[in-house]
Amino acid sequence: RHATSSSIWRSSITQRVGVTGCDKAGAAVRPMKMAQNELAPNEEPPPARPNFIDVNTDSQSIVVNAPAAEVYHCCLRFEELPRFITSITKVDRIDDTRFSCTSIIEGGEVTSQIQIIMRVPDRRIAWQAVSDNFRVGVVFFDPLFGGATKVNVKVRSITEPVMLTGALRRYLRNFKVYVESGGSRK
């Protein structure tokens, strides 16, 4: 009985870890390795390792002294983005849900296509970009007492966390000035 369980154990180990036998003490023995890039017959190559990139997330908010509907419609005027997002130099509308955006990022010009993936009138706009920077995001518009609106932006990006936070704060302050100075009515 001992020999049978031992041979069962050896065969299951051989299947699990790829050993070819056991030494005199009963320890599993692996076959000798071939050259580093050479595969043994019937051996499959190891799976490709995925390239991982760090994605950072940030959320910032600001109160704008304007009704939510007005603030929401300001955000839908994509051609006006360069007025408050200073890294954007040019915006071309492709259709109602897509636009091309040219930005200066780390000293180089980058053009990305951005798609609006969700719109909830007067409440929310979500987008996805074909770009490494500011990949996805959502803007929430929360009406406040007295006709003001809390604007909350959440973004995922590969931009360094400190730079991402600083950029979002600057863009929101610029947006507040733009809306409150009547930019939304121009």
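The structure is a predicted model, in which local features need pLDDT of at least 70 and side-chain atom pairs count only at pLDDT 80 or more, while totals for chains, interfaces and linings use all residues. Residues are numbered from 1 along each chain as its sequence is written, and side-chain values use heavy atoms, with hydrogens and water left out.

The protein contains three helices and nine strands; these are DSSP runs numbered from the N terminus (helices: H or I, at least four residues; strands: E, at least two). Their order from the N terminus is α-β-β-β-α-β-β-β-β-β-β-α.

The protein has 186 residues, of which 32% count as buried, that is, under 20% relative accessible area with a 1.4 Å probe, protein chains only. Among contacts (heavy atoms within 4.5 Å) with a separation of 6 or more, 43% are between residues 24 or more positions apart.

Strand β6 (residues 108–120) pairs with β5 (residues 98–105) in antiparallel fashion through eight bridges; pairing requires that DSSP finds at least two bridges between two strands. In this pair, S100 lies opposite Q113 of β6. Two residues separate the strands of the β5 and β6 hairpin, and E106 in the turn has a positive phi of about 50°.

Strand β6 also runs antiparallel to β7 (residues 124–129), with six bridges joining them. Here M118 is opposite A126 of β7. The hairpin of β6 and β7 has three residues between the strands, and D122 adopts a positive phi near 65°.

Note on methods. Buried means under 20% relative accessible area, exposed over 50%, partly exposed in between (1.4 Å probe, protein chains only).
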